[in-house]
Amino acid sequence: MPATVGRRMDRLTPIQRATRGIDRRAVVRTGVVAAVAYAAWLAIGAFGRPYNFFDMKIYHGAVVWWANGNELYDFIAPSTTLGFTYPPFAGLAMLPMSWLPVDAAGWLNALASIVALAVVLAALLRPIVDRLGWSLWFTVGIATPLALAIEPSRETLGYGQVNLLLFALIMADLVGLRWRARRGTHHDTADSAFARFVYSGTWAGVGIGLATAVKLTPALFVAYLVITRQWRAALTAVGTTIGVTIATFGLVGEESRTYFTSVLWQTERVGAADMTANQSLAGLLARLYDSIETPGLLWLAFAVLMLALGLSRASSARADGDELTAFTLVGLTANVISPISWSHHLVWVIPAVIVLADAAVRRREASRGLLPRATGTPAATGVPALRPPIWYPALTGLRHGVGALGLYLLFLISPIWPYEHQLPEVSHYQDGLFGALMENSLAVALIVLVAALPWRPGAEPAFYHDRLARAAQPAVRR
């Protein structure tokens with residue numbers, strides 16, 4: 001037999017012998033991932049703008065200026081009126097960039113942001129691919145370039161922004177809450193104390209706290225944690241923010257005093273409200289009024305309404321066992337009510353697309369009589385779960401699927417830029433009603449998502465384990 005096998009091997013060409021043990025499926029999947037990555041690169045070239053690390057040049061110039069003994073907030077980038085606008089803790093975090101050339105700092109930030117996005121997508125998609133039996137690496141390999149091609153991601157990378165890194169910090173807390181809900185599982189049998197601490201999820205809140213210390217808008221997640229009575233995570237987030245801020249005061253007290261007493265209130269440092277890139281509610285209203293400034297009382301009234309709507313819907317999503325949608329709604333709400341939300345801030349559309357797509361799949365599964373079993377749901381904990389109806393219309397889930405595709409295409413094409421206008425030179429109604437709609441299309445999409453993004457009952461529970469354990473105790477005693 002060995003001699004026969006040897007003769008057969010001799011008949012093979014060198015290429016056939018070299019590829020004999022290769023998994024053809026893995027080769028095909030690798031080719032698909034490469035093709036999607038190339039298509040994403042072409043899409044960025046087609047729909048993106050010229051990028052030259054513009055914001056990174058400001059950050060880099062500011063920390064170099066600071067490292068040379070000057071005041072951080074006195075820096076103004078050459079040929080602009082722009083300076084450093086982040087809290088001093090962000091300046092400390094960026095200070096090592098002063099040792100690098102600006103282009104090297106930009107590419108390093110881009111690489112770190114891509115890795116962070118891939119890790120986040122792996123965490124968000126893991127429950128879905130486990131339920132569907134898909135390959136995690138293949139799914140993430142496709143999802144990552146697709147996510148990088150849309151407006152918030154490509155602008156973040158091209159301008160040298162930190163939005164994807166902050167997004168990863170906040171989503172790390174979602175993972176921590178997920179792990180906390182699974183206490184008593186195999187994670188508790190981890191070999192080392194550090195691993196047990198990590199899997200316990202008791203650190204949840206640190207990511208939100210750090211993100212808030214870098215940029216103030218993630219503070220809305222603290223309000224969400226308080227409203228939903230996730231006290232430990234809320235206290236951890238607040239404690240992290242306060243601790244980091246106090247430590248920063250101790251290290252760079254002069255810059256801290258300057259920021260909190262002066263720079264924080266100088267809204268003109270970041271640009272005019274009506275600029276096309278500002279896709280917040282304030283920017284939308286300013287452009288609708290064809291004014292450089294936002295009508296203050298009208299904005300405040302609508303902002304309070306959107307805040308209440310977003311937080312109430314996020315609380316309801318969590319109560320129904322969908323923490324991912326809850327976090328997404330909070331992030332989208334922060335984008336809407338912030339006075340300035342540049343298009344690169346809108347990274348929360350990424351989980352929104354995932355939620356819509358998964359909602360379409362789950363509804364289709366239910367119409368076929370399949371019951372998704374998410375870890376931590378009643379079905380997984382031994383408590384009887386309701387069976388889905390045995391019949392649904394044939395097009396069940398279609399509107400959610402179309403919504404996911406439409407949302408993705410909107411942020412891929414980003415139709416705001418062909419209709420960009422700047423007052424007082426050009427009116428925002430220069431191109432008529434259609435032009436005004438296109439210039440405000442991303443802001444309108446955010447508002448619609450806050451009002452209508454569906455959640456998926458039982459898909460991302462962060463409380464079932466504890467609640468069911470407490471409910472089972474009286475029955476055991478009886």
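Where is the place of glutamine 161? Glutamine 161 sits in the loop that runs between helix 8, residues 151-159, and helix 9, residues 163-180. Before I continue, please note that this is a predicted model.

Is glutamine 161 buried or exposed? Its relative accessible area is 4%; the cut-off for buried is under 20%, and glutamine 161 therefore counts as buried. If we set aside residues up to four places away in sequence, glutamine 161 touches Asp55, Tyr59, Tyr86, Asn109, Ser113, Thr156 and His344.

Let me now turn to the chain as a whole. Its secondary structure consists of 22 helices and zero strands. The chain has 478 residues, and 48% of them count as buried. Among contacts with a separation of 6 or more, 74% are between residues 24 or more positions apart. The accessible surface amounts to about 23,400 Å², and carbon and sulfur atoms account for 67% of that surface.

The largest nonpolar core has 104 residues, and the members that touch the most other members are Phe84, Leu332 and Phe411. Helix 6, residues 102-132, supplies the largest share of this core, with 10 residues. I would draw your attention to phenylalanine 411. Neighbours within four places in sequence aside, phenylalanine 411 is in contact with Ile150, Glu151, Pro152, Arg154, Leu346, Val349, Leu442, Ala445 and Leu446.

A further element to consider is helix 14, which spans residues 253-261. Which of its residues are buried? They are Gly253, Glu255, Ser256 and Tyr259. Viewed down the axis of helix 14, these buried residues fall within an arc of 160°, so they line one face of the helix. The partners of the buried residues are helix 4 (54-67), helix 5 (88-94) and helix 13 (231-251), against which they pack.

Phe47, Leu405, Leu409 and Ile413 make a nonpolar surface patch of about 340 Å². Which helix gives the most to this nonpolar patch? That is helix 19, residues 398-413, with three residues. Leucine 409 lies in helix 19. With a relative accessible area of 37%, leucine 409 falls between the 20% and 50% cut-offs, and is therefore described as partly exposed.

Thank you for your attention.

Methods: Residues numbered from 1 in each chain as written. Predicted model: local features only at pLDDT ≥ 70, side-chain atom pairs only at ≥ 80, totals over all residues. Heavy atoms only, no water. Helix = DSSP H or I, 4+ residues; strand = E, 2+ residues; numbered from the N terminus. Buried < 20%, exposed > 50% of the residue type's maximum accessible area, 1.4 Å probe, protein only. Contact = heavy atoms within 4.5 Å. Core = buried A, V, L, I, M, F, W, Y, C linked by side-chain atoms within 4.5 Å. Areas by Shrake-Rupley, 256 points an atom, 1.4 Å probe, with all protein chains shown as cover. Arc of directions from axis to C-beta. Patch = residues over 30% accessible without salt bridge, like charges linked within 9 Å, V, L, I, M, F, W, Y side chains within 5 Å. Salt bridge = Lys/Arg side-chain N within 4 Å of Asp/Glu carboxyl O.
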